[in-house]
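Please walk through the model below with the sequence beside it.

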Amino acid sequence: MKIVLRPAVPASARRLARLLLPGRTQSSTTAPSRRTGEAGPATGERRPQPHQSGPAVTMSRRALMRTVGAAGGLAVIAGCTPSDGSGTKPSAGQHTHDNGRSGQYNDTHGDGRSASSGRDDPNADLQTLSSEIAMPAQFRAALPIPARLPPARSTSDTDYYEIVQSPATAEIVPGLRTPIMGYNGTFPGPTIVQNAGRRVVVTHKNALAVPTVVHLHGGTTPYESDGYPTDFVLPAAAYGTFAAMPAMPGMPAMDDPGAIVSKLQRDYTYPPQPRAGTLWYHDHRMDFTGASVYHGLAGFHIAHDTEEASLPLPQGARDVPLMITDRAFAADGSFRYPALDPTMHTTPGVDQTSTNGVMGDVILVNGAPWPRMEVDTARYRFRPARSPRPPP
């Protein structure tokens, strides 16, 4: 992701750039991370600067950070550019970096080493999926911010929310429509905010063709609302029946007599969280969690507490959740996922080459490919959540 300072880099930020990055200019360009393609500081040797007239810089780095704010410092370090974006569009299955190098993601991990080498590479055993589309341009799309869901109603101590899990299409890659499974039809889903001392009840309605289960990742949750994998919210009866634990090679289908199963909808209750935190909710269905999350069933749940409220932290539009994911795309714009049963009805699992997980070649932040964000000269709070690479 690229951070762009708006409307212009002030003098104090230019001083900060000279202090922190003496070999860079204000117009330097952000280079993607060598591993993921995500925006990060460009690397290079420092070069001596020509003599510049004018008063010597006497402000300390700490003082400058106070002057321009953390976001200004981040923007300078990341390399602020007009972000008009130019370059040759890479071919399908290939990603071209800003520095002119290109790499086939199905052969290497972006740092020149082969995936088969496995030396010190946690991704060595992953199946990397190459997209069948022309790669979207980097740093063109504006960073989308997931909408905050307003309560359907509130009482003296509880906020009630309603979410419909439904099929939808989204324009993730410009010009292409991608079928998704979305909370309220969006990817990521809407953000739920839980304030200090407040209980939250979320009614999830299943309008999909398959069972779902909701798990609040990182939350303090009673067992009946924890989203155990076989505690299904069943879809309409027209979609048939579903085994709690579907048959797998060498293992028959099984039922779970202890499962708490609901039809069409279910209330999930979350007591006041003991600590503030950036939580996220996602589908947790037995044997299909990976496929469900890959197709869009994930969203933020932000919890606040009184200690956090006493701190001078950015709020409102400067409190920014960032859901970072990787995906691969088929030629028609749909997600590429190596499921044995693309309908997610009967047979769980992925093909044999993907049993350790898969990694796509398009990095998404809040559902947009390599986006950019314009910021003011003020402090921002970024809440990164790495939506995990789905298991089989």
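On a 1 Å grid over the protein atoms alone, a cavity is a set of points where a 1.4 Å probe fits but cannot get out, and its lining residues have an atom within 4 Å of a point. Grid points are joined across faces, edges and corners, and a volume is the space filled by probe spheres set on the points. By this definition the structure holds two cavities of 30 Å³ or more.

The model is predicted: local features need pLDDT of at least 70, side-chain atom pairs count only at pLDDT 80 or more, and totals for chains, interfaces and linings use all residues. Residues are numbered from 1 along each chain as its sequence is written, and side-chain values use heavy atoms, with hydrogens and water left out.

The average pLDDT (the predictor's confidence in each residue, from 0 to 100) is 79 for the chain, and 69% of the residues score at least 70. Over residues 19–118 pLDDT stays under 50, and the model has 187 contacts (heavy atoms within 4.5 Å) beyond four places in sequence for them.

The chain has four helices and 23 strands; these are DSSP runs, helices being H or I of at least four residues and strands E of at least two, numbered from the N terminus. Of its 392 residues, 49% are buried, meaning under 20% relative accessible area, with exposed over 50% and partly exposed in between (1.4 Å probe, protein chains only).

The loop between β6 (127–129) and β7 (153–154) contains alanine 137. Alanine 137 counts as partly exposed because its relative accessibility is 34%. Its C-alpha is 9.3 Å from that of proline 371, 234 residues away in sequence. Phenylalanine 139 is found in the loop between β6 and β7 as well, and is buried, with a relative accessible area of 3%.

Most residues other than glycine have a negative phi, and most peptide bonds are trans. Phenylalanine 139, however, has a positive phi near 60°, and leucine 264 has one of about 70°. Leucine 264 lies between β14 (262–263) and β15 (265–270). A cis peptide bond, with omega about -10°, joins phenylalanine 187 and proline 188.

Note on methods: On a 1 Å grid over the protein atoms alone, a cavity is a set of points where a 1.4 Å probe fits but cannot get out, and a pocket is an open set with protein on both sides within 12 Å along at least five of seven lines; lining residues have an atom within 4 Å of a point.
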